[in-house]
Amino acid sequence: MLSWYPRHRRDLPWRHIRDPYAIWLSEVILQQTRVKQGLPYYLDFITTYPTVHDLAAAPQDEVLRHWQGLGYYSRARNMHHTAQQVVQEYGGQFPGTYQELLQLRGVGQYTAAAIASFAYDEQVAVLDGNVFRVLARVFGLTQDIAAPASRKAFQQLADTLIPADHPADFNQAIMEFGAIQCTPQKPDCLFCPLQQQCFAFQRGLVQELPVKSKAKAARTRYFHYLVLRYADTVYMRKRGPKDIWEGLYDFALHETDSADFPAVAVVDAVQTLGGQLAATQAAEPVAALRHVLSHQKVEAKFHAVELAGPLPAATLAATGLAPYRATEIEELPKSILVANYISNSAI
Ligand code: SF4
């Protein structure tokens, strides 16, 4: 692994750094994200917030706006919170050991191991999807990698493999090996240096390993957005906790059990908010978009509504809706679903 790595590794910006802040930033951004997609975000964040102090001092809306499009927004909120924790509790210095790093919010075993080994040369093995796959195939581990209980067996094995004198290189190497050589669908077994020792290759089980149980089917949710406009403003609100897209901005929302939301329901909904339609007819045509998240599908319809007057103050207080001009909307953090709607409409 150590001789394979220098000959094959991709030249990525975070490979040359020992700064725990930059390593942490890259790891948070790359979780559940492909390198190609995450790279521009990493470069943007490290340029906009070159130190943990800069990130900690930034407003949350601004951080979410930079994160827009990367998904799993709780990562961005945790990241921001962790930066503040590092500044307030650790004087701006990241903790220096694996165990201490685990105390930081949003820093799990994988991220703590990555920072501890890459920044501090601590001998602690990382386990990500790539490492699970390589270990399962080479050593013939048949435990379900989606089951949390399997982690222990993989961790024990990885801990016996990681050398004391090159922990950082080993961790980088095995992850890179999984990413570009021992890939999920078409691993390059023909030119693989581990071919002779590989349990899966020798027994024709490459497609069978690793064992991974299927995720539950995603449930479908139906969102009906009322895009309420008055004069040159559009009413938006910040989403609350305990649901997807916390902290991002969207419109007045009605969630239902089906895709149907007739015009009369739109009129009712507007009137419930204390609004008056400018036209006697109900809403304009509807734009329907589908957005797939890891555990749920959102089918959204946007009902554009011109109001005859502003919404009453009591409605704004009760719903969190507020009027925004187009230039302000541009700066608000939004889900890709909402951002796409806005860029395709006349807002
Ligand atoms: S022989 Fe194939 S399955 Fe085995 S480690 Fe190499 S690439 Fe992976």
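These legends accompany several close-up views of one predicted model. Residues are numbered from 1 along each chain as its sequence is written. Because the model is predicted, local features need pLDDT of at least 70 and side-chain atom pairs count only at pLDDT 80 or more, while totals for chains, interfaces and linings use all residues.

**View 1. The shell of residues around the ligand.** Of the 14 residues around the ligand, those that come nearest are Cys182, Pro187, Cys189, Cys192 and Cys198; a residue is near a molecule or strand if its C-beta atom, placed from the backbone, lies within 6 Å of it. Helix H9 (129–139) and helix H12 (199–202) each contribute at least two residues to this shell, where helices (H or I, at least four residues) and strands (E, at least two) are DSSP runs, numbered from the N terminus. By class, the shell holds 10 nonpolar, 2 polar and 2 charged residues, with Ala, Val, Leu, Ile, Met, Phe, Trp, Tyr, Cys and Pro counted as nonpolar, Asp, Glu, Lys and Arg as charged, and the others, Gly among them, as polar.

View 2. Strand S1 (residues 219–230) runs antiparallel to strand S2 (residues 233–238), and 2 bridges join them; two strands pair if DSSP finds at least two bridges between them. Arg229 stands opposite Val234 in S2. The hairpin has 2 residues between its strands, and Ala231 in the turn has a positive phi of about 50 degrees.

**View 3. Further partners of strand S2.** S2 pairs with strand S7 (residues 322–324) in the antiparallel sense over 3 bridges, and Tyr235 has Pro323 as its bridge partner in S7. S2 also pairs with strand S3 (residues 249–250), again in the antiparallel sense, over 2 bridges, and here Lys238 has Tyr249 of S3 as its bridge partner.

**View 4. Further partners of strand S1.** S1 and strand S6 (residues 296–306) pair in the parallel sense over 11 bridges, with Ala304 in S6 as the bridge partner of Val227. With strand S4 (residues 252–256), S1 pairs in the antiparallel sense over 5 bridges, and Thr256 in S4 is the bridge partner of Tyr222.
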